[in-house]
Amino acid sequence: MNILVLCTGNSARSILLETILNHRSDGRIKAWSAGSKPAGRVHPQSLRLLAEKGFPTDGLSSQSWDDYTGPDAPVMDAVITVCGSAAGEECPYWPGAPLRAHWGIEDPAAATPDDQPEAFETAYKLLAAKADALLVLPFEEMTQEDLQAVFDRIGA
């Protein structure tokens, strides 16, 4: 299953979920991430946290969702947005994917520098739990309707 993870800046939450899905799915999922207004760099705390958890961080980048709209872009089976509701953060909308989900997580990069390690750890734990809830299922054998219900339940 091809999954695109979207948020605004593509420097923290979407990077975390992309990495979790790619490395915990045993090849069942190929994930990418992008942002509607990319920060241009992955947040240093994202890289530190992922490295501490044993994930490779080579190749992670903050990129525009425009990179996934061209004719050579991979076809997405699902799009997951991870924007939170704090400060009226606007979540990007992606047309065309058969499955859409919103797994809202507050932006750990918005925390004060002293609070960022804890905020990133919290975001990681929440995203990992959501990813694990998907990965334990035989999603390859599920109907689109059943899978949409699973995505919605995980996001609730």
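These legends go with a set of close-up views of one predicted protein model. Because the model is predicted, local features need pLDDT of at least 70 and side-chain atom pairs count only at pLDDT 80 or more, while totals for chains, interfaces and linings use all residues. Residues are numbered from 1 along each chain as its sequence is written, and side-chain values use heavy atoms, with hydrogens and water left out.

**View 1. Here is the open sheet, built from four strands.** Helices (H or I, at least four residues) and strands (E, at least two) are DSSP runs, numbered from the N terminus. Two strands pair if DSSP finds at least two bridges between them. Read across the sheet and you get the order β2-β1-β3-β4, with parallel pairing. At the edges sit β2 (30-35) and β4, each of which pairs on one side only. From one strand to the next, the twist averages 20 degrees. Helix α4 (residues 144-155) packs on the sheet and touches β1, β3 and β4. The direction of α4 makes about 10 degrees with that of β4.

**View 2. Now zoom in on strand β3 (residues 78-81).** Which way do its side chains point? Ala-78 and Ile-80 go one way, Val-79 and Thr-81 go the other, and all are buried. Buried means under 20% relative accessible area, exposed means over 50%, and partly exposed is in between (1.4 Å probe, protein chains only). Strand β1 (residues 2-7) pairs with β3 in the parallel sense over four bridges. β3 also pairs with β4 (residues 99-102), again parallel and over four bridges. Follow Ile-80 across: Ile-80 is the bridge partner of Val-5, and in β4 the bridge partner of Ile-80 is Ala-101. Thr-81 has His-102 as its bridge partner in β4.

**View 3. This one shows the largest nonpolar core, with 37 residues.** A nonpolar core is a set of buried Ala, Val, Leu, Ile, Met, Phe, Trp, Tyr and Cys residues joined through side-chain atoms within 4.5 Å. Ile-3, Leu-17, Leu-134 and Phe-151 have the most contacts inside this core. The elements giving it two or more residues are β1, α1, α2 (44-52), β3, β4, α3 (116-135) and α4. Which element gives the largest share? That's α3, with eight residues. Leaving aside neighbours within four places in sequence, Ile-3 is in contact with a list of residues including Leu-21, Ala-78, Ile-80, Leu-134 and Phe-151. There is also a second, separate core of eight residues, and Trp-32, Ala-34, Tyr-68 and Met-76 are among them.

View 4. A pair of aromatic rings is described by the distance of the centres and the angle of the planes. Rings of Phe, Tyr and Trp (its six-membered ring) pair if their centres lie within 6.5 Å; planes under 30 degrees apart count as stacked, over 60 as edge-to-face and the rest as tilted. By this rule the count comes to three aromatic pairs.

View 5. Asn-10 lies in the loop between β1 and α1, while Ser-14 is in helix α1 (residues 13-24). Is Ser-14 buried or exposed? Ser-14 is buried, because its relative accessible area is 0%. Asn-10 also counts as buried, at 0%. Asn-10 isn't a glycine, yet it has a positive phi of about 50 degrees. Leaving aside neighbours within four places in sequence, Ser-14 is in contact with Val-5, Leu-6, Cys-7, Ser-33, Ala-34 and Val-82.

Methods. Contact = heavy atoms within 4.5 Å. Axes fitted to C-alpha atoms, helices over the stretch in contact; angles between N-to-C directions.
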